[in-house]
Amino acid sequence: MLDVLNPLAVDPILTLTLECNSDTNPNKVDLGAGVYKNEAGHTPIMKAVDTAEKQWYQQETSKVYVGSAGAAGFNEAIMRLLLGSDHAAVLDRRVVGIQTPGGCGALSIAGHLIKRCYGSVQREGTVWVSAPTWANHIPLLSDCGLSLKEYRYYDGESHTLDFPAMMEDLSKSKANDIVLLHGCCHNPSGADLNQEQWQLIAELLNEKGVVPFVDIAYQGLGDGLDEDAWGLRYLAEHCPEVIIASSCSKNFGLYRERVGSVFVVAKDSQVAEINKGQLMNIARGIYSMPPHYGAALVDIILHDLQLREQWQEELTFMRERIAGLRTRFVQKLNAAGAASRFDYIEQEKGMFSFLGISMDQVRALKEQYSIYMVNSSRMNIAGLSDKNMDYVVQALMQTL
Ligand SMILES: Cc1ncc(COP(=O)(O)O)c(C=O)c1O
């Protein structure tokens, strides 16, 4: 029976990481995988996490099951981090959520919830995703049995967010459709919606009866913890229903511990409770319960004033480091004769930007200079450092 399956290509980002790891060139630069790196090219354990780990070893007394919703303290703290403690939807008890295995787990559980809703209303809606979007959105949501359509988002020619095109495409959405939005630090483009655009989207979705689904995997790495959640908070205030997938992989550096959460903002607290039961039931049927360890660490950090402050300082340092790299990269490119071609990179947010070069040029950078990035020319800005930046600038200018 197992011999009926066809071989599949390995995930290109994972392949790229393996290729980079086995490259012996001492000058190699990894701008591929979406993980934060420090000046030494290392993805460190945050100090606040390290302290929380030591505390946890002291206080953990049992490995007994925690349940399908995961750690209650974690869920509550993340809800408040995302929406703010005084958000109307929180005060009205219209927000429910469960801990999930990473942001991917959250997206998948949300996808299954949407599919169940379509089953109940006997109408298959469409999930609209940005073009481009994070590559894994497509299989994650399609595998829940959902039909996806793209809305135009980023114009690769002008390197700008094409908001009129986005609105034009979304105006074709229908009641009960879902629109997946990146809460901040759009992956792969780094081009984010401004406040006015979030407001116009809320208006359009309400008019159409469409539900926003916000994936927020980089809170704190764009403009700040509150600033990065502005759009999400606005939608949760002005739209009757919102679905949220969140991740602690990047902003707590807990990648391999698989820490995420899925939330539903419902019309009223009764509907919210029903949805919580559904979320738990979906989780129970797939993996039963999320891993506890990473969420326990986040729980400790967010409930300890000193540790929380330390975590925020570390996150601020990471955010400012990325912003500084953006500025210096653009300056150096211009000094090397780029004639403002890459100036947009300075304005973009979070870890990613497109270089806007061809696949052949991406390949040339890899083969001739051991500089690794994905074929679309999305680069992880955090992979730059003051040590490797001149090398990357020279290689890029010669490749152009
Ligand atoms: C846009 C986006 N959403 C969600 C995730 C999920 O991250 P994880 O499952 O590692 O928490 C990522 C990770 O790269 C991402 O870029």
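Q: Where does arginine 93 lie?
A: Arginine 93 sits in the loop between α4 and β2 (95-100). Helices (H or I, at least four residues) and strands (E, at least two) are DSSP runs, numbered from the N terminus. Residue numbers start from 1 along each chain as its sequence is written. Keep in mind that this is a predicted model, where local features need pLDDT of at least 70, side-chain atom pairs count only at pLDDT 80 or more, and totals for chains, interfaces and linings use all residues.

Q: OK, what phi does arginine 93 have?
A: A positive one, about 55°, although arginine 93 is not a glycine. Most residues other than glycine have a negative phi.

Q: And why does arginine 93 count as partly exposed?
A: Because arginine 93 has 13 C-beta neighbours inside 10 Å. The cut-offs are 20 or more other C-beta atoms within 10 Å for buried, 12 or fewer for exposed, and partly exposed in between, with C-beta atoms placed from the backbone.

Q: What about asparagine 176, where does that lie?
A: In the loop between α7 (163-170) and β7. Asparagine 176 has a positive phi of about 75°, and is not a glycine either. With 17 other C-beta atoms within 10 Å, asparagine 176 is partly exposed.

Q: Switching to prolines: what kind of peptide bond joins alanine 131 and proline 132?
A: A cis one, with omega about 0°. Proline 132 is in the loop between β3 and α6. Asparagine 187 and proline 188 are also joined by a cis peptide bond, with omega about 25°, and proline 188 is in the loop between β7 (178-182) and α8.

Q: How many bridges join β3 to β4?
A: Six, and β3 (residues 126-131) runs parallel to β4 (residues 147-152). Strands pair if DSSP finds at least two bridges between them. Tryptophan 128 has lysine 149 in β4 as its bridge partner.

Q: Which helix goes with β3 and β4 in the β-α-β unit?
A: Helix α6 (residues 137-142), and the unit is right-handed. That means, with the strands pointing away from the viewer, the path from the first strand over the helix to the second runs clockwise.

Q: How many residues of β9 are buried?
A: Six of the six, so β9 is largely enclosed by the rest of the structure. Val242, Ile244 and Ser246 are on one side, with Ile243, Ala245 and Ser247 on the other.

Q: In which sense do β9 and β10 pair?
A: Antiparallel, over six bridges. Serine 247 has glycine 260 in β10 as its bridge partner. β8 and β9 run parallel, joined by four bridges, and isoleucine 216 stands opposite serine 246 in β9.

Q: Which residues of α10 are buried?
A: In α10 (residues 230-238), they are Gly231, Leu232, Arg233, Leu235 and Ala236. Their cover includes α3 (72-83), α8 (195-208) and β9 (242-247); contact here takes C-beta atoms, placed from the backbone, within 7 Å.

Terms used
Two residues are in contact if their C-beta atoms, placed from the backbone, lie within 7 Å.
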